[in-house]
Amino acid sequence: MLLEKINSPQDLKNIPKQDLPALAKEIRNELLQTVSKNGGHLASNLCIVELTIALHRVFDSPKDSLIFDVGHQSYVHKLLTGRRESFNTLRTWEGISGFPKRSESEHDAFGAGHSSTSISAAAGIAVANKLSGSDAYTVAIVGDGAFTGGMIYEALNNCADKERLIIVLNDNDMSISPNVGGMSQYFSKVRSSAKYFKFKNSVKKCFQNTPVVGGGIIKCAKYMKDRFKKVALSQNFFEQFGLNYYGPLKGDDIDHLEAVLNEAKDDGKCSVIHICTKKGKGYAPAEKRPDLFHGVSGFDIETGKIKEGKESFSNRFGEIICKKAEENEKIVAITAAMPDGTGLSEFAKRFPERFFDVGIAEEHALTFACGIAAQGHIPVFAVYSTFMQRAYDQLIHDAALQNLHVIVMLDRAGLVANDGATHHGIFDSAYISHIPNVSFFAPNSFDSLEECFNKALAMDGPVVIRYPKASDTAADGFVKQDGFDFKDFGDSPKTAIVTYSRLTENALTAGEICKEKGIDTRVISLTQLSPLPNEVFEKLSGMDKIVFAEEGIKNGGIAQQLCAEMTERELLKNTQFVIKAIDGEFPQHGSNNEILKHLGLSAEDIANAV
């Protein structure tokens, strides 16, 4: 087994060239075996096997920095950089991360879970290398989907003078769902010029072997070619930024990839190498449906059948918005390259003229929504909580300041299990709840989700609705109020457990545990986080102890806000207020139960706090 011999990039360099296709096959098998059990990003890693092999044979990691954008295409890199034996722990508690992580390995030069950051980081590393006198190279490996994000172009605009910086464009014609927009169309057109580059490379090799005059002939030919391009052809897009361009190349030809990588390396200037890959390569089900195999929870290798999960908040939201769009033609839906993940695929089919996928451009998506709202329509922007962080300024400046009726559906709020620190949506409650004019809801069940969405449609101004990556929660037996639900365990509760969203289930279990221990307890589940409902203060008045459990950060979170408000109202004179929240850490990856236990937010932990 060739893969078993590789414990470092240096070991890879010792593998004979003729054995590399066999090695690539072994790597794909290892990816299938691990991801089918642990879940993770499959299709994007299958397509980048040969490229990653070539990169580690040409460059010297960790001296040379390899930066993956988005980080979910780094599995092969992990296998080749000393993490082969621990690869079966991928995305599990205390195992290796599904994304590059600087604290995990010296070979992970820059961490990333969001898109379009690599070239900015790579440019910074290249500058730092020059300042310190290092001759190291910096390589950014960028998926074509990342080129729908604006940060990429801000970085490209500052790359022309950077030395020893190489940008590899991994063009597989998709990011998660099929790419949209002008850049996607541009890459499709430029692929047709692959034959030209192959011919150019062959001619160059021929003249390099010609004694004495070979070098002069090559320089002359390059000058004539550049003159012809300026007169007869429009410049390549990247050349307009002052960058050298190579490609497009076949992404599965290791020998050719190594040759071109070495050519860019020898040049020393900032270069773009454009390679064309097939997402899901080597595994027929993933090749056929790369969107389904982008991120999977697990699957059967033989049949390709993906493990069916329970109905999620995302799916239920998709059903709700379709139903409401039938009734109200003013409703439009917006996504930032995530129609499947946010439950909008069916809306896109049924209402194509009212559906807008803007690519990986969350900032643009929200201001775009504000423009639609300014003309009297009702835009609904569905986005993951962790990606919404990029549009924080737009929520304030464009939505809240102008009090525009934009609805933001905040998916994956709270912990996002195996994806880990880059994807946990633990900051939204703190950063959204303090913005004036924004109404902020946190449904605790599928029925509650529909109730909150109906309220949002009827309101003026911006509305945010947060919900977890989860199936329906157990919220039975509640007495419903405006902005919160409550349930008493015992006849005369003098202790309260307050929470919201997914932790409602743990809070109810904690209430049952407390009752069994002889402690009457009131459980309150907030469904409106901002402004806090007035009536909730009445339900908490006179309590001896209040325990607030929050699947979000403690500092500035809803618990602290409720505590401050009760203090101002002089309701805490004889009451102990305990906050159970995420304090001073980025939680790692693992199952939700493992993470909640680590954070002290399991049902037993909440009951013990009481």
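Biologist: Two strands pair if DSSP finds at least two bridges between them, so which residue in β2 stands opposite F68?
Modeller: That's I141. Helices (H or I, at least four residues) and strands (E, at least two) are DSSP runs numbered from the N terminus. This is a predicted model, where local features need pLDDT of at least 70 and side-chain atom pairs count only at pLDDT 80 or more, while totals for chains, interfaces and linings use all residues. Residues are numbered from 1 along each chain as its sequence is written, and side-chain values use heavy atoms, leaving out hydrogens and water.

Biologist: Thanks! How many bridges join β1 and β2?
Modeller: Five, in the parallel sense, with β2 covering residues 138–143.

Biologist: And what is the strand order in the whole sheet?
Modeller: The open sheet runs β1-β2-β3-β5-β4, with parallel pairing. β1 (65–69) and β4 (244–250) are the edges; each has a single partner strand, so one side of each lacks a neighbour in the sheet.

Biologist: Nice. Which strands does helix α4 lie across?
Modeller: Helix α4 (residues 49–58) lies across β1, β2, β3 (165–171) and β5 (271–276), at about 175° to β2. Axes are lines fitted to C-alpha atoms, for helices over the stretch in contact, and angles run from 0 to 180 degrees between N-to-C directions. Helix α6 (residues 118–131) also packs on the sheet, touching β1, β2 and β3 (contact means heavy atoms within 4.5 Å), and makes about 175° with β2.

Biologist: Switching topic: is F453 buried or exposed?
Modeller: Buried, because its relative accessibility is 1%; the cut-offs are under 20% for buried and over 50% for exposed, partly exposed in between, with a 1.4 Å probe and protein chains only. F453 lies in helix α19 (residues 446–458).

Biologist: What does F453 touch?
Modeller: Not counting residues up to four places away in sequence, its contacts include F317, I320, V380 and M409. F317 is 136 residues away along the chain, yet the two C-alpha atoms are separated by 8.8 Å.

Key. Pairing = 2+ DSSP bridges.
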